[in-house]
Amino acid sequence: CLLGIVDVAKPSTLQPVLAELVGSLLMAMSGLEPAALNYLQVRAAGNDTNSQGTSGPDRYDRLERLRINLALSGPIAGALHKCLEMVQFVDLDAQKKLIPELDSSLRKGAGFATRAATADAVGTLCGKCPAA
């Protein structure tokens with residue numbers, strides 16, 4: 001329902017709640033990630049070599065890339081991307097309200113997906129809204 005609203009809403013409509021919406025979407029990113037992925041990544045961090053000759057760090061890196069791709073391709077990530085695209089069309093005060101939300105997501109977000117999405121959001125906003 002919310003994802004559908006974000007998809008059709010205009011930036012001016014969401015401007016009053018855009019910062020809080022982005023913060024909520026960022027925090028929701030890790031909530032959808034299966035716990036098994038975290039378990040597998042911890043197991044892959046070992047330094048042993050498997051039967052195919054792949055070392056633990058190689059498996060860890062591949063799983064980390066998979067987790068990032070999975071997190072950034074889901075429906076919540078799509079809504080988040082749409083919101084970030086809207087930010088350039090709202091006023092500067094509304095853009096500046098995003099900074100504490102991003103900071104909060106980095107500090108409070110315990111999940112890998114939340115942190116990766118927040119880093120991606122910071123990069124996107126630096127390119128699109130440098131004045132904020």
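Let's start at helix α6, where Ile76, Ala77, Ala79, Leu80, Cys83, Leu84, Met86 and Val87 are buried. Keep in mind as you look that this is a predicted model. The helix is 13 residues long, and from its first C-alpha to its last it reaches 19 Å, close to the 18 Å expected at 1.5 Å a residue. An α-helix has 3.6 residues a turn, so residues three or four places apart point the same way. You can follow that idea along α6 by picking out Ile76, Leu80, Cys83 and Val87, which are among its buried residues.

From here, step out to the core. The largest nonpolar core holds 28 residues, and those with the most contacts inside it are Leu18, Val22, Leu25, Met29, Leu80, Cys83 and Leu125. At least two residues of this core come from each of α3 (18-31), α6 (75-87), α8 (98-108) and α9 (112-128). The helix we began with, α6, gives the most, with eight residues. As a general background, nonpolar side chains tend to be buried together in soluble globular proteins.

Which residues does Met29 contact, leaving aside its neighbours within four places in sequence? They are Ala71, Leu72, Ile76, Ala77, Ala113, Thr114 and Ala117. Of these, Ile76 and Ala77 are among the buried residues of α6.

Now turn to α8 and α9. These two helices pack at an angle of about 150 degrees, with their axes 9 Å apart. Because angles over 145 degrees count as roughly antiparallel, α8 is roughly antiparallel to α9. The crossing of α8 past α9 is left-handed. On the α8 side, the residues that meet α9 are Leu98, Leu102, Ser105, Leu106 and Arg107. Their partners in α9 are Thr114, Arg115, Thr118, Ala121, Val122 and Leu125.

Two more residues round out the tour. Arg67 sits in helix α5 (residues 56-71). Is Arg67 buried or exposed? At 4% relative accessibility, Arg67 counts as buried, because the cut-off is under 20%. Not counting residues up to four places away in sequence, Arg67 touches Glu33, Leu37, Asn38, Gln41 and Phe112.

Finally, look at Ile5 in helix α1 (residues 2-8). With a relative accessible area of 42%, Ile5 is partly exposed. Its C-alpha atom is separated by 15 Å from that of Ser24, which is 19 residues apart from Ile5 along the chain.

Conventions
Residues numbered from 1 in each chain as written. Predicted model: local features only at pLDDT ≥ 70, side-chain atom pairs only at ≥ 80, totals over all residues. Heavy atoms only, no water. Core = buried A, V, L, I, M, F, W, Y, C linked by side-chain atoms within 4.5 Å. Buried < 20%, exposed > 50% of the residue type's maximum accessible area, 1.4 Å probe, protein only. Helix = DSSP H or I, 4+ residues; strand = E, 2+ residues; numbered from the N terminus. Contact = heavy atoms within 4.5 Å. Expected span 1.5 Å × (residues − 1). Axes fitted to C-alpha atoms, helices over the stretch in contact; angles between N-to-C directions. Parallel < 35°, antiparallel > 145°, perpendicular 65-115°, else oblique. Left-handed = near helix turned anticlockwise from the far one by under 90°.
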